[in-house]
Amino acid sequence: MSGRRFLGLAILLLVLLPFVPLLLWSVSEQWFYPGLLPQKFGLRSWSYIFSTASSQIAGGLVQSIGLSGVTTCLSLLIGIPAGRALGLYSFAGKRLIALLLLLPVIVPPLCVSMGLHLWFIRLGLAETFFGVVLVHLSFCLPYTIFVLWGVFADYNPEFEEQARCLGAGRLQTLVRVTLPFIFPGLCLAALFSFLLSWSQYLSTLIIGGGKLLTLPILLFSLMDSGDRPVAAAVSLLFVLPALLVLLANGRLLGRQGLSGVR
Amino acid sequence: MFQPLPESPAQAGTAPGRLRLLMLLGPALAIILLFFGGGIFLGILQALGYRPGAGGGSLSLSHFAAVFTDPDFSTSLLMTLYIATVSTLAAALCSLPLALLLTRLAATSSWINVILQIPLTVPHLVIGICISLLLSPAGLVSRLLSWSGLIAGPAAFPLLVNDTWSVGILLSYIWKEIPFITFMLVAILKNSGQELEEAAQTLGASPWQRFRHVTLPLLAPNLRGACLIVFAFSFGAFELPFLLGKTFPMVLPVWAYRNYSDVDLMARPEGIAIGLIIAAVVICAILLSQGLTRMTSRQGTAR
């Protein structure tokens, strides 16, 4: 066996091992100790998810996708110009502005959410979708800016001027020149932002006040209830969309993956 | 950690108008200042005893004092430091050889790369549940040992979840963090690692010399940056310690949330104060690391 294949198999094993009990629990109906496999297989947990509690779980899925989707779109919309300014230009106070914009990467969201909560209650933003989006944005945006800063540091804006000289309009230049150039980096920034928002628990709980039932919030209460098969099935459901986004991204980036991050 | 990247060569030095810069940076600055800066600022006010609903009240350090004099504070702080430091160091020690192996075997553009990205997409909550189903006394590993006759039953299995040494929490973090650090290192190795090392080899450097004097200094800035991000995250994270940790001592983020969500509203400012202490510790750690790097690089040039 070649060294490369051996390394690949070792990585495959270590990455997938934690999912083995998850898969087994999600299709078990009876699994007493010390049985290595469930004594009775069955789809009780899956039918619970898709019929008995389907409205709640599907609602959580929609809520989570909506929240992460809107957060990601806003953070790209605001992050692209900022990344462009940091990547292309040098100006007075750049270090300070960069530090300020990237500081939320290291300060835990817990701290910010607790501080904002009271203010958000007074503004009527607590327990609302938009309020939670704003909190998620405060720590997704810095990651987006960080990735796009690297992208624009390698970007040559002269191509835009050439396109303009050749008669392209503003919109045409953006769609035909700028976006194709920054596309791989853009996908990566979107992936970071989506994943970060997707797996948030505490900030959603504090600002959403238990009204915004995203998948992580449902999952925590399921773990408390102790129904392992259902918790395992919901966990798998929770991993799936992010995994699909990753695979789609890998395809789009021509398998370059994270190599664009600097 | 966030050194300014070089500007694009075509535009370096050209200063755009203030208005244009404001248009580009304004929205991002507004969001961060308002919701991040605002959150921290209001948090400080509340932790100092300011009560918007009750006519303000006077500012004092009594909530911070209550936290610092709590007999459990030092154990909590040490516990949090232990988890964040050990998981970060272990993940870094695994990532360094892994990144070197991946580049050497030219595996960075194969299916192995895609597999290694999977942990990045898995939420901490889910890996926590996986580790608990795997390593708890009635978990899969215990079943395997019991089935093969190595242990008598769940009671004979060593406690790895909700345990004193936080083994389950550490393993979850390490599993999540290795890919992140590895990809940060591979990004550098792919661009410039190979050529420099070949040059050193031509000049007669041994494998150890090449690693110590060529590869490691090349990777150091990214390694340090990745470690700091990972440390900061695990120091302030709630999910894994809440799920897999012991009830005592609590890590700081769990303690902060317990206080914040207490039925007694008077405990709330104390929760916020703990949150701010977490942020302060993380910022101190980063400043310290920057200071140390500056010192060692000065020593390097003096020699």
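Two residues count as touching here if their C-beta atoms, placed from the backbone, lie within 7 Å. In this predicted model, that puts Asn259(B) in touch with Ala267(B), Arg268(B), Glu270(B), Gly271(B) and Ile274(B), leaving aside residues up to four places away in sequence. Asn259(B) itself sits in helix α10 of chain B, which runs over residues 252-260. Leu223(B) is another story: it is 36 residues from Asn259(B) along the chain, and 35 Å separate the two C-alpha atoms.

Over to helix α5 of chain B, which covers residues 124-135. From the first C-alpha to the last, this 12-residue helix reaches 16 Å, close to the 16 Å expected at 1.5 Å a residue. Among the buried residues are His124(B), Gly128(B), Cys130(B) and Ser132(B), along with Leu133(B), Leu134(B) and Leu135(B).

Then there is the meeting of the two chains. Contacts link 87 residues of chain B with 87 residues of chain A. On the chain B side, helix α1 (residues 18-47) gives the most, putting in 16 residues. By residue type, the side of chain B that touches chain A splits into 65 nonpolar, 18 polar and four charged residues.

Definitions and conventions. Residues numbered from 1 in each chain as written. Chains lettered and ligands numbered in written order. Predicted model: local features only at pLDDT ≥ 70, side-chain atom pairs only at ≥ 80, totals over all residues. Helix = DSSP H or I, 4+ residues; strand = E, 2+ residues; numbered from the N terminus. Nonpolar A, V, L, I, M, F, W, Y, C, P; charged D, E, K, R; others polar. Expected span 1.5 Å × (residues − 1). Buried ≥ 20, exposed ≤ 12 C-beta atoms within 10 Å, placed from the backbone.
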